[in-house]
Amino acid sequence: MVPKIEYKKLKRTGYVPAFLLAALLAGAFPVVNMAVRKESFLSLGGEPLSVLLNANWQMMAMLNILLIVCGACMMYHTEYTDNGMQKMELLPVRQTSLFLGKFLIASIMTAVMLSIEFSVLAGCAVYWFSDSRLNPMILICHLSFSFIMLLPTIILMLLIAQAFRNMWISLGIGVILVFTFSILPQEQLFFALCPFSAPYQLLDNVHADGHVGLFLEIAALETLLFALTEFICLKIRRNFS
Amino acid sequence: MNFFSLISIEIKKIRRSKIFLILLAPVILMWLPAIINSGKLTKIQDISILPAHNFFIQGFMGMVWFMIPATLIICTVLLTQTERLNHSILKMLSLPVNSGLLCLAKFTVLLILPAIQMFLSIGVYYLSAYISSRMQEYDFVLPLSYSLPAIGKFYLAALPAAAVFWMISTLIQTPIFSAGLSLAACVPSVLMINTDYWCLHPMSYPFYVLMIEYGKAAKGVYETSIDWLPWIPAAIIITGVCLIVSCAKFGYKERK
(Lines give C-alpha, C1' and ligand atoms only; values in the text may rest on other atoms or scores of the structure.)
Protein backbone atom coordinates (compact mmCIF):
# COMPACT_ATOMS: atom_id res chain seq x y z
CA MET A 1 0.00 0.00 0.00
CA VAL A 2 2.59 2.54 1.11
CA PRO A 3 5.13 1.75 -1.64
CA LYS A 4 2.30 2.20 -4.13
CA ILE A 5 1.57 5.72 -2.82
CA GLU A 6 5.26 6.54 -2.92
CA TYR A 7 5.53 5.28 -6.47
CA LYS A 8 2.54 7.41 -7.52
CA LYS A 9 4.20 10.51 -6.08
CA LEU A 10 7.28 9.87 -8.18
CA LYS A 11 5.37 9.28 -11.38
CA ARG A 12 5.81 12.71 -12.92
CA THR A 13 9.17 13.58 -11.40
CA GLY A 14 11.17 11.60 -13.95
CA TYR A 15 12.55 9.34 -11.23
CA VAL A 16 12.24 6.04 -13.10
CA PRO A 17 13.45 7.33 -16.50
CA ALA A 18 16.42 8.98 -14.74
CA PHE A 19 17.53 5.64 -13.31
CA LEU A 20 17.10 3.88 -16.65
CA LEU A 21 19.01 6.63 -18.49
CA ALA A 22 21.82 6.55 -15.93
CA ALA A 23 22.07 2.79 -16.29
CA LEU A 24 22.43 3.13 -20.05
CA LEU A 25 24.98 5.92 -19.60
CA ALA A 26 27.01 3.82 -17.15
CA GLY A 27 26.67 0.88 -19.51
CA ALA A 28 28.16 3.01 -22.28
CA PHE A 29 31.52 3.23 -20.42
CA PRO A 30 32.58 -0.41 -20.93
CA VAL A 31 31.22 -0.45 -24.50
CA VAL A 32 33.12 2.71 -25.52
CA ASN A 33 36.22 1.61 -23.62
CA MET A 34 36.24 -1.78 -25.35
CA ALA A 35 35.49 -0.31 -28.76
CA VAL A 36 38.35 2.20 -28.50
CA ARG A 37 41.03 0.29 -26.60
CA LYS A 38 40.15 -3.32 -27.37
CA GLU A 39 43.71 -4.69 -27.68
CA SER A 40 44.97 -3.42 -24.34
CA PHE A 41 42.15 -5.16 -22.47
CA LEU A 42 42.26 -8.41 -24.46
CA SER A 43 45.97 -8.75 -23.76
CA LEU A 44 45.46 -8.49 -19.99
CA GLY A 45 44.19 -12.05 -19.60
CA GLY A 46 42.14 -13.34 -16.71
CA GLU A 47 38.40 -13.56 -16.19
CA PRO A 48 36.65 -11.29 -18.76
CA LEU A 49 34.24 -9.88 -16.20
CA SER A 50 37.07 -9.00 -13.80
CA VAL A 51 38.99 -7.24 -16.57
CA LEU A 52 35.92 -5.21 -17.52
CA LEU A 53 35.04 -4.37 -13.93
CA ASN A 54 38.58 -3.35 -13.05
CA ALA A 55 38.69 -1.03 -16.05
CA ASN A 56 35.28 0.58 -15.71
CA TRP A 57 33.74 0.06 -12.29
CA GLN A 58 35.14 3.23 -10.65
CA MET A 59 33.31 5.45 -13.12
CA MET A 60 30.16 3.32 -13.15
CA ALA A 61 30.00 3.22 -9.36
CA MET A 62 30.44 6.97 -9.19
CA LEU A 63 27.56 7.46 -11.60
CA ASN A 64 25.40 5.09 -9.53
CA ILE A 65 26.17 6.95 -6.30
CA LEU A 66 25.52 10.35 -7.87
CA LEU A 67 22.19 9.13 -9.17
CA ILE A 68 21.24 7.77 -5.75
CA VAL A 69 22.08 11.19 -4.26
CA CYS A 70 19.94 12.99 -6.84
CA GLY A 71 17.13 10.45 -6.49
CA ALA A 72 16.94 10.79 -2.71
CA CYS A 73 16.90 14.60 -2.98
CA MET A 74 14.12 14.34 -5.55
CA MET A 75 12.00 12.03 -3.36
CA TYR A 76 11.96 14.52 -0.51
CA HIS A 77 11.84 17.55 -2.79
CA THR A 78 8.36 16.46 -3.94
CA GLU A 79 7.34 16.11 -0.29
CA TYR A 80 8.55 19.50 0.82
CA THR A 81 7.29 21.59 -2.11
CA ASP A 82 3.68 22.61 -1.53
CA ASN A 83 3.85 21.12 1.98
CA GLY A 84 3.04 17.57 0.91
CA MET A 85 4.81 16.35 4.04
CA GLN A 86 2.24 18.00 6.35
CA LYS A 87 -0.62 16.41 4.42
CA MET A 88 1.01 13.01 4.77
CA GLU A 89 1.22 13.53 8.52
CA LEU A 90 -2.56 13.84 8.65
CA LEU A 91 -3.15 10.49 6.95
CA PRO A 92 -3.52 7.30 8.99
CA VAL A 93 -0.11 6.11 7.79
CA ARG A 94 3.00 5.65 9.88
CA GLN A 95 5.81 8.08 9.13
CA THR A 96 8.32 5.28 9.45
CA SER A 97 6.55 3.16 6.87
CA LEU A 98 6.61 6.10 4.46
CA PHE A 99 10.37 6.26 4.89
CA LEU A 100 10.72 2.51 4.42
CA GLY A 101 8.48 2.69 1.34
CA LYS A 102 10.83 5.27 -0.15
CA PHE A 103 13.80 3.07 0.74
CA LEU A 104 12.13 0.08 -0.91
CA ILE A 105 11.50 1.96 -4.14
CA ALA A 106 15.01 3.39 -4.22
CA SER A 107 16.46 -0.10 -3.66
CA ILE A 108 14.31 -1.65 -6.37
CA MET A 109 15.34 1.03 -8.86
CA THR A 110 18.98 0.56 -7.89
CA ALA A 111 18.63 -3.18 -8.44
CA VAL A 112 17.11 -2.56 -11.87
CA MET A 113 19.90 -0.12 -12.71
CA LEU A 114 22.61 -2.57 -11.61
CA SER A 115 20.97 -5.40 -13.57
CA ILE A 116 21.06 -3.32 -16.75
CA GLU A 117 24.70 -2.38 -16.13
CA PHE A 118 25.76 -5.97 -15.47
CA SER A 119 23.91 -7.27 -18.50
CA VAL A 120 25.80 -4.73 -20.61
CA LEU A 121 29.04 -5.90 -18.98
CA ALA A 122 28.11 -9.52 -19.70
CA GLY A 123 27.29 -8.56 -23.28
CA CYS A 124 30.72 -6.95 -23.64
CA ALA A 125 32.38 -10.02 -22.15
CA VAL A 126 30.61 -12.38 -24.57
CA TYR A 127 31.07 -10.14 -27.62
CA TRP A 128 34.75 -9.23 -27.27
CA PHE A 129 36.19 -12.07 -25.17
CA SER A 130 34.64 -14.75 -27.35
CA ASP A 131 37.01 -17.56 -26.38
CA SER A 132 35.90 -17.87 -22.76
CA ARG A 133 32.38 -18.57 -21.57
CA LEU A 134 30.68 -16.50 -18.91
CA ASN A 135 29.44 -18.13 -15.74
CA PRO A 136 25.99 -16.67 -14.86
CA MET A 137 26.47 -17.51 -11.16
CA ILE A 138 29.58 -15.33 -10.92
CA LEU A 139 27.69 -12.52 -12.62
CA ILE A 140 24.86 -12.80 -10.08
CA CYS A 141 27.36 -12.86 -7.19
CA HIS A 142 28.99 -9.65 -8.43
CA LEU A 143 25.62 -8.03 -8.97
CA SER A 144 24.28 -8.85 -5.51
CA PHE A 145 27.53 -7.81 -3.82
CA SER A 146 27.44 -4.41 -5.55
CA PHE A 147 23.78 -4.05 -4.64
CA ILE A 148 24.37 -4.75 -0.94
CA MET A 149 27.30 -2.32 -0.92
CA LEU A 150 24.97 0.40 -2.20
CA LEU A 151 22.23 -0.12 0.44
CA PRO A 152 23.87 1.93 3.27
CA THR A 153 24.48 4.77 0.81
CA ILE A 154 20.82 4.75 -0.27
CA ILE A 155 19.45 4.85 3.27
CA LEU A 156 21.97 7.42 4.52
CA MET A 157 21.16 9.68 1.59
CA LEU A 158 17.42 9.38 2.28
CA LEU A 159 18.14 10.26 5.91
CA ILE A 160 20.03 13.39 4.83
CA ALA A 161 17.37 14.35 2.29
CA GLN A 162 14.53 14.11 4.82
CA ALA A 163 16.41 16.29 7.30
CA PHE A 164 16.61 19.37 5.07
CA ARG A 165 13.77 21.29 3.55
CA ASN A 166 15.81 22.80 0.77
CA MET A 167 16.98 20.57 -2.02
CA TRP A 168 20.34 22.29 -2.56
CA ILE A 169 21.42 21.67 1.04
CA SER A 170 20.78 17.93 0.86
CA LEU A 171 22.23 17.77 -2.66
CA GLY A 172 25.23 19.79 -1.48
CA ILE A 173 25.85 17.53 1.51
CA GLY A 174 25.46 14.44 -0.67
CA VAL A 175 27.89 15.70 -3.29
CA ILE A 176 30.39 16.78 -0.62
CA LEU A 177 30.22 13.28 0.91
CA VAL A 178 30.78 11.67 -2.50
CA PHE A 179 33.78 13.97 -2.99
CA THR A 180 35.24 13.44 0.48
CA PHE A 181 35.06 9.67 0.33
CA SER A 182 36.52 9.62 -3.16
CA ILE A 183 39.70 11.40 -1.99
CA LEU A 184 40.14 9.36 1.21
CA PRO A 185 42.65 6.50 0.89
CA GLN A 186 40.58 3.48 -0.20
CA GLU A 187 43.39 1.04 0.64
CA GLN A 188 42.64 1.46 4.32
CA LEU A 189 39.96 -0.96 5.37
CA PHE A 190 38.15 1.51 7.62
CA PHE A 191 37.55 4.03 4.84
CA ALA A 192 36.66 1.32 2.33
CA LEU A 193 33.87 0.11 4.63
CA CYS A 194 32.19 3.54 4.88
CA PRO A 195 29.01 4.26 2.95
CA PHE A 196 29.77 6.31 -0.21
CA SER A 197 33.08 4.44 -0.62
CA ALA A 198 31.99 0.80 -0.23
CA PRO A 199 30.20 0.87 -3.65
CA TYR A 200 33.58 1.33 -5.37
CA GLN A 201 34.77 -2.02 -4.03
CA LEU A 202 34.87 -5.05 -6.31
CA LEU A 203 33.98 -8.56 -5.21
CA ASP A 204 37.23 -9.95 -6.67
CA ASN A 205 39.51 -7.63 -4.71
CA VAL A 206 37.50 -8.00 -1.50
CA HIS A 207 37.50 -11.78 -1.94
CA ALA A 208 41.26 -11.80 -2.46
CA ASP A 209 41.68 -9.97 0.86
CA GLY A 210 39.24 -12.38 2.53
CA HIS A 211 36.94 -9.58 3.72
CA VAL A 212 33.69 -10.55 1.95
CA GLY A 213 31.89 -11.52 5.15
CA LEU A 214 33.07 -8.40 6.94
CA PHE A 215 31.89 -6.12 4.13
CA LEU A 216 28.44 -7.75 4.01
CA GLU A 217 28.01 -7.61 7.80
CA ILE A 218 29.09 -3.98 8.01
CA ALA A 219 26.74 -3.01 5.16
CA ALA A 220 23.81 -4.72 6.88
CA LEU A 221 24.70 -3.13 10.22
CA GLU A 222 25.01 0.34 8.71
CA THR A 223 21.65 -0.03 6.97
CA LEU A 224 19.96 -1.01 10.23
CA LEU A 225 21.73 1.76 12.13
CA PHE A 226 20.64 4.46 9.68
CA ALA A 227 17.06 3.14 9.70
CA LEU A 228 17.08 3.34 13.49
CA THR A 229 18.49 6.88 13.37
CA GLU A 230 15.68 7.85 11.03
CA PHE A 231 13.04 6.43 13.39
CA ILE A 232 14.52 8.41 16.29
CA CYS A 233 14.68 11.56 14.13
CA LEU A 234 11.00 11.22 13.27
CA LYS A 235 10.09 10.85 16.96
CA ILE A 236 12.09 13.93 17.91
CA ARG A 237 10.85 15.99 15.01
CA ARG A 238 7.22 15.33 15.97
CA ASN A 239 7.77 17.22 19.21
CA PHE A 240 9.10 20.31 17.49
CA SER A 241 7.17 20.83 14.26
CA MET B 1 16.30 48.51 -13.11
CA ASN B 2 19.88 48.32 -14.21
CA PHE B 3 22.04 45.22 -14.23
CA PHE B 4 23.82 45.93 -10.94
CA SER B 5 20.65 46.41 -8.93
CA LEU B 6 19.37 43.11 -10.40
CA ILE B 7 22.53 41.37 -9.20
CA SER B 8 22.20 42.88 -5.73
CA ILE B 9 18.57 41.66 -5.59
CA GLU B 10 19.65 38.16 -6.58
CA ILE B 11 22.31 38.16 -3.87
CA LYS B 12 19.73 39.28 -1.31
CA LYS B 13 17.49 36.38 -2.28
CA ILE B 14 20.11 33.78 -1.42
CA ARG B 15 21.22 35.50 1.79
CA ARG B 16 19.64 32.95 4.11
CA SER B 17 20.33 29.88 1.96
CA LYS B 18 23.32 28.63 4.02
CA ILE B 19 25.18 28.20 0.73
CA PHE B 20 28.28 29.63 2.36
CA LEU B 21 28.64 26.54 4.57
CA ILE B 22 28.32 24.27 1.52
CA LEU B 23 31.02 26.30 -0.22
CA LEU B 24 33.29 26.13 2.82
CA ALA B 25 32.92 22.43 3.78
CA PRO B 26 34.64 20.81 0.74
CA VAL B 27 37.46 23.36 0.88
CA ILE B 28 38.31 22.31 4.42
CA LEU B 29 37.67 18.60 3.85
CA MET B 30 39.94 18.35 0.82
CA TRP B 31 43.00 19.54 2.75
CA LEU B 32 42.67 17.12 5.67
CA PRO B 33 43.99 14.06 3.72
CA ALA B 34 46.66 16.32 2.20
CA ILE B 35 47.93 17.32 5.66
CA ILE B 36 47.84 13.71 6.87
CA ASN B 37 49.71 12.46 3.78
CA SER B 38 52.24 15.29 3.73
CA GLY B 39 54.85 13.04 5.38
CA LYS B 40 54.80 10.71 2.37
CA LEU B 41 55.32 13.58 -0.09
CA THR B 42 58.76 14.43 1.27
CA LYS B 43 59.89 10.82 0.67
CA ILE B 44 58.74 10.28 -2.94
CA GLN B 45 61.79 10.05 -5.21
CA ASP B 46 60.62 8.32 -8.39
CA ILE B 47 59.16 11.34 -10.20
CA SER B 48 61.04 14.59 -10.34
CA ILE B 49 58.62 16.90 -8.56
CA LEU B 50 59.24 19.17 -5.62
CA PRO B 51 57.20 18.16 -2.55
CA ALA B 52 55.77 21.67 -2.30
CA HIS B 53 54.38 21.52 -5.84
CA ASN B 54 53.16 17.99 -5.27
CA PHE B 55 51.32 19.12 -2.14
CA PHE B 56 49.60 21.92 -4.05
CA ILE B 57 48.63 19.79 -7.04
CA GLN B 58 47.54 16.69 -5.12
CA GLY B 59 45.48 18.85 -2.80
CA PHE B 60 43.70 20.63 -5.62
CA MET B 61 43.27 17.51 -7.76
CA GLY B 62 39.98 16.30 -6.23
CA MET B 63 38.69 19.84 -5.99
CA VAL B 64 39.35 20.67 -9.61
CA TRP B 65 38.17 17.52 -11.30
CA PHE B 66 34.99 17.05 -9.31
CA MET B 67 34.20 19.66 -6.70
CA ILE B 68 34.35 22.84 -8.83
CA PRO B 69 31.82 21.51 -11.39
CA ALA B 70 29.73 20.00 -8.57
CA THR B 71 29.68 23.33 -6.72
CA LEU B 72 28.46 25.00 -9.88
CA ILE B 73 25.65 22.43 -10.10
CA ILE B 74 24.63 22.94 -6.47
CA CYS B 75 24.57 26.71 -7.00
CA THR B 76 22.45 26.28 -10.14
CA VAL B 77 19.97 24.19 -8.16
CA LEU B 78 19.98 26.86 -5.45
CA LEU B 79 19.33 29.70 -7.91
CA THR B 80 16.56 27.92 -9.79
CA GLN B 81 14.82 26.31 -6.82
CA THR B 82 14.64 29.42 -4.59
CA GLU B 83 12.45 31.01 -7.24
CA ARG B 84 10.36 28.01 -8.23
CA LEU B 85 9.40 27.53 -4.58
CA ASN B 86 6.18 29.50 -4.02
CA HIS B 87 6.14 30.52 -7.70
CA SER B 88 8.12 33.68 -7.08
CA ILE B 89 9.57 33.45 -10.58
CA LEU B 90 6.10 34.47 -11.82
CA LYS B 91 6.35 37.67 -9.79
CA MET B 92 9.81 38.39 -11.14
CA LEU B 93 8.65 37.85 -14.72
CA SER B 94 5.69 40.18 -14.23
CA LEU B 95 8.03 43.06 -13.36
CA PRO B 96 9.06 45.45 -16.13
CA VAL B 97 12.48 43.80 -16.38
CA ASN B 98 14.05 42.28 -19.45
CA SER B 99 14.00 38.53 -18.77
CA GLY B 100 17.28 38.04 -20.61
CA LEU B 101 18.89 40.57 -18.29
CA LEU B 102 17.38 38.75 -15.30
CA CYS B 103 18.88 35.51 -16.59
CA LEU B 104 22.29 37.14 -16.98
CA ALA B 105 22.09 38.59 -13.46
CA LYS B 106 21.42 35.12 -12.07
CA PHE B 107 24.30 33.74 -14.12
CA THR B 108 26.60 36.41 -12.68
CA VAL B 109 25.63 35.33 -9.18
CA LEU B 110 26.38 31.76 -10.25
CA LEU B 111 29.90 32.96 -11.13
CA ILE B 112 30.33 34.94 -7.91
CA LEU B 113 29.66 31.94 -5.63
CA PRO B 114 32.54 29.73 -6.90
CA ALA B 115 34.79 32.82 -6.88
CA ILE B 116 34.12 33.05 -3.14
CA GLN B 117 35.01 29.36 -2.88
CA MET B 118 38.27 29.96 -4.72
CA PHE B 119 39.24 32.72 -2.27
CA LEU B 120 38.39 30.40 0.62
CA SER B 121 40.52 27.66 -0.93
CA ILE B 122 43.52 30.01 -1.19
CA GLY B 123 43.18 30.78 2.52
CA VAL B 124 42.78 27.15 3.55
CA TYR B 125 45.66 26.12 1.27
CA TYR B 126 48.06 28.49 3.01
CA LEU B 127 46.82 27.42 6.42
CA SER B 128 47.28 23.71 5.65
CA ALA B 129 50.63 24.30 3.93
CA TYR B 130 51.77 26.12 7.07
CA ILE B 131 50.56 23.30 9.34
CA SER B 132 52.23 20.64 7.15
CA SER B 133 55.47 22.64 7.09
CA ARG B 134 55.50 22.73 10.87
CA MET B 135 54.69 18.99 11.07
CA GLN B 136 57.27 17.77 8.53
CA GLU B 137 59.87 20.51 8.97
CA TYR B 138 59.88 21.05 5.23
CA ASP B 139 58.69 24.24 3.56
CA PHE B 140 55.47 23.41 1.68
CA VAL B 141 54.39 27.04 1.26
CA LEU B 142 54.48 28.21 -2.36
CA PRO B 143 54.67 31.95 -3.14
CA LEU B 144 51.47 33.82 -3.97
CA SER B 145 52.90 34.57 -7.41
CA TYR B 146 52.54 30.82 -8.17
CA SER B 147 49.31 29.95 -6.39
CA LEU B 148 47.18 32.96 -7.35
CA PRO B 149 47.58 32.64 -11.15
CA ALA B 150 47.11 28.86 -10.94
CA ILE B 151 43.88 29.09 -8.94
CA GLY B 152 42.71 31.96 -11.15
CA LYS B 153 43.22 29.75 -14.20
CA PHE B 154 41.22 26.90 -12.62
CA TYR B 155 38.40 29.36 -12.01
CA LEU B 156 38.42 30.84 -15.51
CA ALA B 157 38.51 27.36 -17.03
CA ALA B 158 35.34 26.48 -15.12
CA LEU B 159 33.28 29.30 -16.69
CA PRO B 160 32.21 27.44 -19.88
CA ALA B 161 30.99 24.54 -17.71
CA ALA B 162 28.95 27.04 -15.66
CA ALA B 163 27.27 28.27 -18.83
CA VAL B 164 26.46 24.70 -19.87
CA PHE B 165 24.96 23.83 -16.46
CA TRP B 166 22.95 27.05 -16.49
CA MET B 167 21.55 26.23 -19.92
CA ILE B 168 20.65 22.68 -18.81
CA SER B 169 18.79 24.01 -15.77
CA THR B 170 16.81 26.58 -17.77
CA LEU B 171 15.88 24.09 -20.47
CA ILE B 172 15.04 21.10 -18.25
CA GLN B 173 12.54 21.97 -15.55
CA THR B 174 12.64 18.63 -13.71
CA PRO B 175 15.34 19.04 -11.06
CA ILE B 176 16.39 15.38 -11.07
CA PHE B 177 17.13 15.49 -14.79
CA SER B 178 18.95 18.82 -14.79
CA ALA B 179 21.09 18.09 -11.72
CA GLY B 180 21.56 14.42 -12.60
CA LEU B 181 22.54 15.14 -16.19
CA SER B 182 25.01 17.82 -15.12
CA LEU B 183 26.58 15.58 -12.47
CA ALA B 184 26.79 12.66 -14.88
CA ALA B 185 28.49 14.94 -17.41
CA CYS B 186 31.33 15.61 -14.94
CA VAL B 187 32.22 11.94 -14.40
CA PRO B 188 34.04 11.13 -17.67
CA SER B 189 36.48 14.08 -17.52
CA VAL B 190 39.35 11.82 -16.41
CA LEU B 191 38.87 9.84 -19.62
CA MET B 192 38.22 12.88 -21.78
CA ILE B 193 41.46 14.76 -21.10
CA ASN B 194 43.44 11.85 -22.51
CA THR B 195 41.60 12.01 -25.84
CA ASP B 196 41.83 14.58 -28.63
CA TYR B 197 38.24 15.71 -28.12
CA TRP B 198 38.64 17.18 -24.65
CA CYS B 199 37.92 20.71 -25.87
CA LEU B 200 34.35 19.66 -26.70
CA HIS B 201 33.79 18.70 -23.04
CA PRO B 202 33.73 21.90 -20.92
CA MET B 203 33.60 20.03 -17.59
CA SER B 204 37.13 18.77 -18.14
CA TYR B 205 38.70 22.22 -18.78
CA PRO B 206 39.69 22.91 -15.13
CA PHE B 207 41.19 19.42 -14.83
CA TYR B 208 43.11 19.96 -18.07
CA VAL B 209 44.61 23.20 -16.70
CA LEU B 210 45.59 21.37 -13.50
CA MET B 211 47.23 18.55 -15.47
CA ILE B 212 49.22 21.16 -17.44
CA GLU B 213 50.44 22.57 -14.11
CA TYR B 214 51.30 19.02 -13.05
CA GLY B 215 53.18 18.48 -16.32
CA LYS B 216 55.16 21.69 -15.75
CA ALA B 217 56.09 20.67 -12.20
CA ALA B 218 56.91 17.03 -12.95
CA LYS B 219 58.48 16.27 -16.32
CA GLY B 220 56.81 13.56 -18.35
CA VAL B 221 53.50 13.29 -16.49
CA TYR B 222 51.47 15.28 -18.99
CA GLU B 223 51.96 17.93 -21.64
CA THR B 224 53.66 21.11 -20.46
CA SER B 225 51.96 23.80 -22.50
CA ILE B 226 48.31 24.58 -23.10
CA ASP B 227 46.90 23.99 -26.61
CA TRP B 228 45.33 27.41 -26.97
CA LEU B 229 44.16 27.10 -30.53
CA PRO B 230 41.33 24.60 -30.60
CA TRP B 231 40.52 25.32 -26.96
CA ILE B 232 39.82 29.06 -26.72
CA PRO B 233 37.53 29.30 -29.80
CA ALA B 234 35.69 26.14 -28.68
CA ALA B 235 35.26 27.51 -25.16
CA ILE B 236 34.02 30.88 -26.41
CA ILE B 237 31.55 29.28 -28.83
CA ILE B 238 30.21 26.86 -26.18
CA THR B 239 29.82 29.63 -23.59
CA GLY B 240 28.22 32.02 -26.05
CA VAL B 241 25.73 29.52 -27.45
CA CYS B 242 24.76 28.31 -23.97
CA LEU B 243 24.22 31.86 -22.69
CA ILE B 244 22.19 32.93 -25.72
CA VAL B 245 19.98 29.83 -25.51
CA SER B 246 19.42 30.20 -21.78
CA CYS B 247 18.61 33.92 -22.04
CA ALA B 248 16.18 33.29 -24.89
CA LYS B 249 14.49 30.39 -23.13
CA PHE B 250 14.51 31.82 -19.60
CA GLY B 251 11.07 31.51 -18.00
CA TYR B 252 9.43 30.16 -21.16
CA LYS B 253 7.52 27.52 -19.26
CA GLU B 254 6.10 30.02 -16.76
CA ARG B 255 5.05 32.36 -19.57
CA LYS B 256 3.06 29.72 -21.42
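This is a predicted model: local features need pLDDT of at least 70, side-chain atom pairs count only at pLDDT 80 or more; totals for chains, interfaces and linings use all residues.
Local features need pLDDT of at least 70 and side-chain atom pairs count only at pLDDT 80 or more, while totals for chains, interfaces and linings use all residues. Residues are numbered from 1 along each chain as its sequence is written, and chains are lettered from A and ligands numbered from 1 in the order in which they are written.

**Exercise 1. Describe how H4(A) and H7(B) pack.**

Step 1. Locate the helices. Helices (H or I, at least four residues) and strands (E, at least two) are DSSP runs, numbered from the N terminus.

Step 2. Take the geometry. Angles under 35 degrees count as roughly parallel, over 145 as roughly antiparallel, 65 to 115 as roughly perpendicular and the rest as oblique. Axes are lines fitted to C-alpha atoms, for helices over the stretch in contact, and angles run from 0 to 180 degrees between N-to-C directions.

Step 3. Assign the hand. H4(A) passes H7(B) in a right-handed crossing. A crossing is left-handed if the near helix is turned anticlockwise from the far one by less than a right angle, and right-handed if clockwise.

Step 4. List the residues. H4(A) brings A:Leu63, A:Leu66, A:Leu67, A:Cys70, A:Gly71, A:Met74 and A:His77. H7(B) brings B:Pro175, B:Ile176, B:Ala179, B:Gly180, B:Leu183 and B:Ala184. Contact requires C-beta atoms, placed from the backbone, to lie within 7 Å.

Step 5. Sort them. There are 10 nonpolar, 3 polar and no charged residues. Ala, Val, Leu, Ile, Met, Phe, Trp, Tyr, Cys and Pro count as nonpolar, Asp, Glu, Lys and Arg as charged, and the others, Gly among them, as polar.

**Exercise 2. Work out how H3(B) and H9(B) are oriented, then do H5(B) and H10(B).**

Step 1. Start with H3(B) and H9(B). Their axes come within 9 Å and cross at roughly 165°. The two helices are therefore roughly antiparallel to each other. Their crossing is left-handed.

Step 2. Look at the contact. H3(B) residues include B:His53, B:Phe60 and B:Trp65, and H9(B) residues include B:Phe207, B:Glu213 and B:Tyr214. The count is 11 nonpolar, 1 polar and 1 charged.

Step 3. Turn to H5(B) and H10(B). Here the axes come within 8 Å and cross at roughly 130°. H5(B) and H10(B) are therefore oblique to each other. Their crossing is right-handed.

Step 4. Name the partners. B:Gly100, B:Cys103, B:Leu104 and B:Phe107 of H5(B) meet B:Leu243, B:Ser246 and B:Cys247 of H10(B). These divide into 5 nonpolar, 2 polar and no charged.

**Exercise 3. Characterise the contact between the chains, from the side of chain A.**

Step 1. Count both sides. Chain A gives 28 residues and chain B gives 26.

Step 2. Find the contributors. H2 (15-36), H4 and H8 (167-183) of chain A each give two or more residues. H8(A) supplies the largest share, 11 residues.

Step 3. Classify chain A's side. It has 20 nonpolar, 8 polar and no charged residues.

**Exercise 4. Which residues have the most contacts inside the largest nonpolar core?**

Step 1. Size the core. It has 151 residues. A nonpolar core is a set of buried Ala, Val, Leu, Ile, Met, Phe, Trp, Tyr and Cys residues joined through C-beta atoms within 7 Å.

Step 2. Name the residues. They are A:Val69, A:Ala72, A:Leu158, B:Ile74 and B:Ala158. H4(A) gives the most to this core, with 20 residues.

Step 3. Inspect B:Ala158. Beyond four places in sequence, its contacts are B:Ile68, B:Pro69, B:Leu72, B:Pro114, B:Tyr205 and B:Pro206.

**Exercise 5. Are B:Met30 and B:Glu137 buried or exposed?**

Step 1. Set the cut-offs. A residue is buried if 20 or more other C-beta atoms lie within 10 Å of its own, exposed if 12 or fewer, and partly exposed in between, with C-beta atoms placed from the backbone.

Step 2. Apply them. B:Met30 has 26, so it is buried. B:Glu137 has 8, so it is exposed.

Step 3. B:Met30 is in H2 of chain B and touches A:Ile183, among others. B:Glu137 sits in the loop between H5 and H6 (144-171) of chain B. Phi of B:Glu137 is near 55°, positive although the residue is not glycine.

Key
Two residues are in contact if their C-beta atoms, placed from the backbone, lie within 7 Å.
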